[in-house]
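Subject: Structure for your review

Dear colleague,

Please find the structure below, followed by a summary of what was found in it. I would be grateful if you would read the two together.

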Amino acid sequence: MFADIILPIPFDSFTYLVPPTLQPTRDMRGCRVVVPLGKNKIYTGIVLRTHDTTPQGVEVKEILEVLDERPVVNEQQFAFWQWLANYYLCPLGDVMKAALPGAMKPKDEAALKESSRRRRSLSIGSLCSDNVTVRPLSPPQQTAFSEIEAAFQSKSTVLLHGVTSSGKTEIYIHLINNYLSEGKQVLYLLPEIALTTQITERLNHVFGNRMGVYHSKFTDAQRLDVYKRQASSEPYRLILGVRSSILLPFQNLGLVIVDEEHEQSYKQQEPAPRYHARDAALMLAHMCGAKTLLGTATPSFEVYHQARKGRYGYVQLTQRYQDMQLPTIEVVDAKEAKRKKLMRGLFSPRLIEVMREALDRKEQIILFQNRRGFSSFIECKQCGWVPRCPHCDVTLTLHKKTSTLTCHYCGYTTHIPERCPACEGERFATIGTGTEKIEEQIPKLFEGATTLRMDLDTTRSRSHYENIINDFSNHQADILIGTQMVTKGLDFDNVSVVGILDADTMLNLPDFRSYERSFQTLSQVAGRAGRKHHAGHVILQTRSADSDIIRQISSNDYWQMFYTQMLERQMFSYPPFRRLIYVYLRHRDDQLLEHLAIDMGERLRKVFGDRILGPDRPPIARLHSLYIRKLMLKIEPQTSIDKVRQALLSIQQQMLALPVAKSLNIYYDVDPL
Ligand code: ADP
Ligand code: ZN
Ligand code: ZN
């Protein structure tokens, strides 16, 4: 007997011999096995299927050990893995690697048992409670709830479009409750950074030990616990998790909720599978016969477009809970203030005034700046030399606290040079402003004000992150300065002012989605102001104060923004009117890569004609010492993905068979963001 086995490497499967001593009486599909590969490697893999077809022309090795008596991957997962591999154009091995906790490798497991036992009392114990406390919905919430239920009668997907603080979470809770009482499972997806203790506690209060949490900042042992529980006969009924939780085993899934549906971090960028958790969740729900509710205050164009075409149900909530007012967004013309030399760092006189008033009233403030570090880069004042990463095509970011220059792509870190290596000059200018620099400016402008900073640098671990949120909630600081991270799912009682220091960097990104994204991000940040007690005040500083997009943001006019942007999308054949697939080629040798990319472009054009654009150098054309080229494929939305895949993979094979293409790496990004 032979077995095809998926290994955690970028291939679909390998065939092994099942030695007679190991031949179990039952089917091995879905069980873990230990196998040798190459001269001296040992891997844990998953049996995809068993058969009796002798492989031709290869030496077949034997399985060393079978680790499970019962499958750890179920049929629902196999079907879903195959769909992910097909749709996102990657081998099954990559999908398996993403789907299984690292701790399912046998070597680690013994060690993990111990640490897992010690830890369990910490994490879950305190969260257990079985009191169901679902709160009285408000009339608008009740209407929305009934509309969702009615829409689910005829549609499998519904978009809940509700302004920030309209009480969407409360509606989710009621729906979850209904599905659980019907004996169904529910998956509640949140973007990574929104999965805070705040939401976990709120749901835990209602669902207690029927709920499991799955987070990427969890240890491997914690993830293994959740995975095993889901594969057992008594799985959690509700999973609250980040994008990778779509890969858990489900047995009776009835509802998937994708909160903050528009959120970009649902897309996995690196490594493969480069899947979009929202889109994959829709497929998962479809395969399980489950419903999907997509919730957001600012829908992605892809989803809103489907809702407008009637393919998704559409339910709106236009009021905040208890009729609380939406924040007023006041636009401050930073260009004018700068011309009059009134700016102090990134602070306009108006922002300073509003902040001082709030501080006097003992209210809290959130400042949003979407760039971490101190400055974007440093520059020699004498000759203009700028330090760059030796491995990537980017400038190094200054981190003043640690006196270092860091590459935000590969992590390369070096000291600030004493002299410019080009001209021996000793003076450097800092260009651009990051969160660290803003933090440094606060004491000079607001005497006695205390600050907290929340960005990637200050939240390396989950506890750091939660401490910042708790401290700010308990008014341990007056001002919270942060990147994107401060925009998500946080609910602070006492924040009356939100300052957006510089809206222009986001708006000016060379990306067809930059306006859509800026609208989404800035609406989210603005939504942090004035929850619960009084309407908040948002100061939005920009150098393009009279542009249409700023007007749309400040008047919260989603429809107008959508309408004007869609005209452009249609004109230039961008999503949602076309689907995009990026084909990436990577190689150490820039010239050879150029030649190979042109060659591949020509082969692709023979099949796809002018739907192929490029090759081009992407904005960052070298990462981790590898040069990169990109080809873009724009296809009509109704095109069969199977045909596209076959054509792409056959051309990929031709390319990799070229003698010069020995270490060429080709990969795909389907529906890139
Ligand atoms: P959204 O998810 O739409 O931003 P939330 O669900 O977080 O809004 O609700 C905003 C606030 O209103 C929260 O503090 C929440 O506790 C409160 N809230 C919402 N609905 C109810 C309700 N039915 N009863 C009591 N409080 C509610
Ligand atoms: Zn110099
Ligand atoms: Zn680098």
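Helices (H or I, at least four residues) and strands (E, at least two) are DSSP runs, numbered from the N terminus. This is a predicted model, in which local features need pLDDT of at least 70 and side-chain atom pairs count only at pLDDT 80 or more, while totals for chains, interfaces and linings use all residues. Residues are numbered from 1 along each chain as its sequence is written, chains are lettered from A and ligands numbered from 1 in the order in which they are written, and side-chain values use heavy atoms, leaving out hydrogens and water.

Q76 belongs to helix α1 (residues 75-87). With a relative accessible area of 15%, Q76 counts as buried (under 20%; exposed is over 50%, partly exposed in between; 1.4 Å probe, protein chains only). Beyond its neighbours within four places in sequence, Q76 is in contact with L248, P249, F250, L284 and C288, contact meaning heavy atoms within 4.5 Å. A polar atom of the Q76 side chain lies 2.9 Å from the backbone nitrogen of F250.

Strands pair if DSSP finds at least two bridges between them. β7 pairs in the parallel sense with strand β10 (residues 253-259) over five bridges, V186 having L255 as its bridge partner. β7 also pairs in the parallel sense with strand β9 (residues 238-241), over four bridges; here Y188 has L240 as its partner.

Yours sincerely

Conventions:
Polar contact = N/O pair within 3.5 Å; in protein donor to acceptor, adjacent residues only side chain to side chain.
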